[in-house]
Amino acid sequence: MRRAFTLIEVIVAVVILAVLSAMIVPRLTRTTKAEHENAVAKMSDLLSMFAFRDATSSKQIALWQDPETGWFSMLTKDRDQSATSEDGEGSKYEWVTDIRLSPVALPRGMELVGLSIDDVEVSGSDWLIPSVPGGGRPSVEMHLLSGLIDTVLRLDSNSMVPTRLDAGGTAIQTREALDLDQYGTRDEKW
């Protein structure tokens, strides 16, 4: 005798699957949004540190994306005491990863879809954005895309904190200027 599923059993199975999918799908989208927000915050911190180190360090620094891993890092130009320069005198300068700042890895499904340096588009994943000691820092604009979530981070050449622009929104300054006179702290000693 052959046994088949009854109509009631099929309906119960479909209802159970519908309830489970209704519970799982929103959690997956929240996870994607949380991962996107976390990655944008890390990239914003990396850009802020790039601006800070450019303003306070005597060494040349740069932003770089490792073409093999896709990670974003900050580099410093240090002397390599073991190597000699092309003219045979002294030591040679080389880019080394800044060990005080962890590289930023974008989560799966998120990518850098656009990069502009001083309003000039850069293509590919093998790029380096160096600062010029005493000569200014380039403005950097990064366009990050994760599914349907679209964010642009822009670090102007004279700014210490990047501006964030979400798709369909207005520019969000990650830190706000504080008027010390308004809060009565005008005469405080620093």
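**Close-up views of a predicted model**

**View 1. S139 sits in the loop between β6 (128-130) and β7.** Strands here are DSSP E runs of at least two residues, helices are H or I runs of at least four, and both are numbered from the N terminus. This is a predicted model, where local features need pLDDT of at least 70, side-chain atom pairs count only at pLDDT 80 or more, and totals for chains, interfaces and linings use all residues. Residues are numbered from 1 along each chain as its sequence is written, and side-chain values use heavy atoms, with hydrogens and water left out. S139 is buried, at 7% relative accessible area (buried is under 20%, exposed over 50%, partly exposed in between, with a 1.4 Å probe and protein chains only). Beyond its neighbours within four places in sequence, S139 is in contact (heavy atoms within 4.5 Å) with S116, I117, D118, D119, R154, L155, D156 and S157.

**View 2. The largest nonpolar core has 23 residues.** Such a core joins buried Ala, Val, Leu, Ile, Met, Phe, Trp, Tyr and Cys residues through side-chain atoms within 4.5 Å. Several elements supply at least two residues each, among them β1 (61-65), β2 (72-84) and β7 (140-146). Helix α1 gives the most, with seven residues.

**View 3. M43 and I129 have the most contacts inside that core.** Setting aside neighbours within four places in sequence, I129 is in contact with F50, I61, A62, L63, L115, I117, P138 and V140.

**View 4. L20 lies in helix α1.** What is the relative accessible area of L20? The value is 40%, so L20 is partly exposed.
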